[in-house]
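Me: Please examine the model below and answer some questions about the contact between its chains.

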2 protein chains.
Amino acid sequence: MTLLEKAKLAKQAAAQMLTLTTEEKNKALLTMADALENNISCILEANAKDIEAAKQANVTDALIDRLALSEARIHDMAEGLRQVVELEDPIGEVLEAWDRPNGLHITKVRVPLGVIGMIYEARPNVTVDATGLCLKAGNTVLLRGSSSALSSNQMLVKILREALTHTKVPEEAVQLLEEGTREEVNKMLKMNDYLDVLIPRGGAGLIRSVVENASVPVLETGAGNCHVYVDESAKPDMARDIVVNAKTHRPAVCNAAETLLVHESWAREHLVTLLTALKEKNVELRGCERTRKLAEDISIAEATEEDWGNEYLGYTMAVAIVDSTDDAIDHINRYSTKHSEAIVTDSEENARNFQKRVDSAAVYHNASTRFTDGFEFGFGAEIGISTQKLHARGPMGLPALTSFKYVIYGTGQIR
Amino acid sequence: MTLLEKAKLAKQAAAQMLTLTTEEKNKALLTMADALENNISCILEANAKDIEAAKQANVTDALIDRLALSEARIHDMAEGLRQVVELEDPIGEVLEAWDRPNGLHITKVRVPLGVIGMIYEARPNVTVDATGLCLKAGNTVLLRGSSSALSSNQMLVKILREALTHTKVPEEAVQLLEEGTREEVNKMLKMNDYLDVLIPRGGAGLIRSVVENASVPVLETGAGNCHVYVDESAKPDMARDIVVNAKTHRPAVCNAAETLLVHESWAREHLVTLLTALKEKNVELRGCERTRKLAEDISIAEATEEDWGNEYLGYTMAVAIVDSTDDAIDHINRYSTKHSEAIVTDSEENARNFQKRVDSAAVYHNASTRFTDGFEFGFGAEIGISTQKLHARGPMGLPALTSFKYVIYGTGQIR
């Protein structure tokens, strides 16, 4: 089948999804979860082919790790689907309702987005996770995974679709693109007649390419150049705990901190202790001139302009000394990717100023940036973390996969 | 100044807007309104140049009418700004707030989008209307009007900006592009670092071009191929009133109906009367074969495939007979632009089915499609009517010009 044929089927299926009940959708998710666990050996076999091909192609161990499934990882995927069953169904919720003087009763009702195009990289679990969230929110999904995971994705989708034939959700609701070419993706980016939204998940390059080339609306997820600012009145222990946690708890994820900003007067007293704590965690430091001068006994490379904009995703941190909260805010608004930022301070005034003026999805007072996450926010599984300002911002749970419409009740009103 | 310089200034101004109070923004709108009324002769003079140039270029009377300002139209623009003052300020509203088991207090707060790029056609009043709405919602605006209205727009923006110098809103919050070239627009469509959203307003060609070529997120407004479906149990008088109103009350606007669908059994009894009423209003009809056969005494042209997808914006209506509500729904979902549709019926069941399955921004039971409008919904002035499903759908008032962020209060929490 061609991309166009698959997109048409997904759109037809989306129309069918509008009449399903919560129970029918949940039944489909549970049936899919069971099917995954009943087919572990097939999945591992298909996955082994991808791993073998990846080894032949001499890819990095990190990539192979992302690609590799195991019995435990398959159980995790199934468990993930079961967790989505527990989430409240957003569809049909009446968001607002009011009467007009002419007697019209207007309601604003949550509805599915329609067809969601997912474009993602190596991890095959995204195939299952995204499908579960999209279906629960009443959408259908057109999946375009990495060609390096094609064999795994084909097997997963085959199992999921076979499971759906035993439920009210049409199997056409899950479509996998299998051509694996650049042209296929390029066509997908322009399918405004069939796709309601595109969600790219993966590295910065993938996301940029989708944003730049798509005419279908995009939910931009992604890059996190997160900052922690330690203000004049920060408690030294709290500052150390938050900075060390934000940087080193899991440095490869988007909500890890990349740049540390420190108020000049606090720095004079406490900077050396703080940087020593980071060094003990094997963090490589890149500092501004004032930082290097103040902490001259610590080995700190010179930070370049590039460092301020860098998402290291590893054990490296840029450090700058600033003269005020306003300077910290200006630095952040200049270099941040609008993901998550934190201020550590005892000053309510500086905290409110920081939270008002920093233009990012999540702005913390006295807490680690690591909390920007669907589970930590209490949303449950997320489809990604939005760094754009339209439609959805921050961790995107089920409501981010919905739209609304106005349903209006009249008795013959005309203008 | 170049486009880039103007965009940078708009972005800097957007950062300043974050700290303004409602009173400060309202003061700016009132000052702008007064300034317009104090400069009527300058505005008319500048507008006369545009009109003169348009006449030289032999453009249509309709275009000249859209371009032309008068003393009354200038008062209307000023009054429009004063009405926006009366609208509730959406900024700072706490949309949700909750506590996490670890003690984090999370709030979801409404914030401005940032910098809004408006791309629009002839009407110079959009310059003022859009500026008022954008500023009230705490945004700055980069305006790109039609080159045919350049002289008028330059004068309007000059007056608005001069007025802002007497207020807390920075005059850089309003930027007008003046180059008038295609390249200028093309560059604007790609300014993801400076623009948070683009809103095109104008004909279908303009909107399609922006959607297809922009990498900045777009709020798609526009085309309305709206349908009225008259069901089996529709009251004949109500059906006639709604159909005639939806088609003829103001046929040139997007919420006017373009296609009439009629249930076969209702048609046998009442179609001739209904079509006669349309004919009396000088509506030209294009019908399916069954329609033409059933109403053979009425002159009805043969509808082609193209008619079903056409937004006539005038006194023309396509008519088709269908066998059921489901057939009507399928027809609508196939040809509609997802704007507004109505069902006229006495059957609650058919009405609920129609409202659930029709995938449009506004779905009416027993009312005219003409109500899809910011004022009719009670929102006040609107920036356009969204026909996409992301971010905003239907009439877009001030909340559509906002985003949100998570403001999180901790006491030293780490993961």
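The questions and answers that follow concern strand pairing and the chain interface.

Reply: This is a predicted model in which local features need pLDDT of at least 70 and side-chain atom pairs count only at pLDDT 80 or more, while totals for chains, interfaces and linings use all residues. Residues are numbered from 1 along each chain as its sequence is written, chains are lettered from A in the order in which they are written, and side-chain values use heavy atoms, with hydrogens and water left out.

Me: Which strand of chain A is joined by 5 bridges to strand 13 of chain B?

Reply: Strands here are DSSP runs of E with at least two residues, numbered from the N terminus, and two strands pair if DSSP finds at least two bridges between them. Within chain B, strand 13 (residues 362-367) is joined by 4 bridges to strand 12 (residues 340-344), running parallel. The parallel partner in chain A, joined by 5 bridges, is strand 16 (residues 402-413).

Me: What area is buried between chain B and chain A?

Reply: Buried area is the accessible area (1.4 Å probe) that two parts lose on being put together, summed over both. Carbon and sulfur atoms give 55% of it. In chain B, Leu390(B), Tyr406(B) and Arg415(B) lose the most area to chain A, together 14% of what that side buries. The total is about 5,900 Å².

Me: How many salt bridges does the rule find across the interface?

Reply: The rule requires a side-chain nitrogen of Lys or Arg within 4 Å of a carboxyl oxygen of Asp or Glu. One of these salt bridges joins Glu376(B) and Arg415(A), at 3.4 Å from N to O. Across the interface of chain B and chain A, the number found is 4.
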